[in-house]
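Please read them with the coordinates open.

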Amino acid sequence: QVQLVESGGGLVQPGGSLRLSCAASGNVWRINTMGWYRQAPGKQRELVAVTTTGGDTNYVDSVKGRFTISRDTAKNTVYLQMNSLQPVDTAVYYCNAEGLYWGGLNVKSFGSWGQGTQVTVSS
């Protein structure tokens with residue numbers, strides 16, 4: 001299958017910035033979409049941002065103008081630049097990707113999640 005490895009989480013003060021990275025590894029043939037989700041304590045997991053190979057991007061309203069998702073297709077890596085962070089952004093952030101991979105002689109579809117990285121915004 002395809003594995004996703006996340007990095008970049010940590011503790012920042014309100015107004016600070018952080019950049020998350022997520023790299024896909026394994027027998028990847030093509031990734032169609034990559035995105036970031038987050039889950040705060042007591043809340044459901046929500047989509048934060050998503051990007052496609054065509055360059056389309058979508059954001060949840062609460063992060064528009066503050067977060068930027070980008071993708072290095074050649075490296076199968078997606079980034080989330082988070083600026084003007086606020087305590088409400090505190091959550092575990094999960095990377096997600098879907099696409100196609102090599103399974104033996106066959107190309108198969110996949111949908112993978114990263115292990116999650118903690119982002120804490122506090123003074």
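1. In the hairpin of S9 and S10, which has two residues between its strands, Gly104 takes a positive phi near 65 degrees. The strands named here and below are DSSP runs of E with at least two residues, numbered from the N terminus. This is a predicted model, in which local features need pLDDT of at least 70 and side-chain atom pairs count only at pLDDT 80 or more, while totals for chains, interfaces and linings use all residues. Residues are numbered from 1 along each chain as its sequence is written, and side-chain values use heavy atoms, with hydrogens and water left out.

2. With S4 the pairing is antiparallel over ten bridges, and Tyr37 has Tyr94 in S9 as its bridge partner. With strand S11 (residues 117-121) the pairing is likewise antiparallel, over three bridges, and Val92 has Gln118 in S11 as its bridge partner.

3. Strand S9 (residues 91-103) is mostly covered, since ten of its 13 residues are buried, that is, under 20% relative accessible area, whereas exposed means over 50% and partly exposed lies in between (1.4 Å probe, protein chains only).

4. A nonpolar surface patch of about 300 Å² is made by Trp29, Trp102 and Val107. Such a patch joins nonpolar side chains (Val, Leu, Ile, Met, Phe, Trp, Tyr) within 5 Å, taken from residues with over 30% relative accessible area and no salt bridge, a salt bridge being a side-chain nitrogen of Lys or Arg within 4 Å of a carboxyl oxygen of Asp or Glu. The areas come from the Shrake-Rupley method with a 1.4 Å probe. Trp29 lies in strand S4 (residues 28-39), and with a relative accessible area of 46% Trp29 is partly exposed.

5. An open sheet of four strands runs in the order S1-S3-S8-S7 with antiparallel pairing. Its edge strands, each pairing on one side only, are strand S1 (2-7) and strand S7 (67-72). Neighbouring strands of this sheet are turned against each other by 15 degrees on average, direction ignored, with axes fitted as lines to C-alpha atoms and angles running from 0 to 180 degrees between N-to-C directions. S1 is joined to the antiparallel strand S3 (residues 18-26) by six bridges, and Glu6 has Cys22 in S3 as its bridge partner.

Methods
Patches are made of residues with over 30% relative accessible area and no salt bridge: like charges are joined within 9 Å, nonpolar side chains (Val, Leu, Ile, Met, Phe, Trp, Tyr) within 5 Å. Two strands pair if DSSP finds at least two bridges between them.
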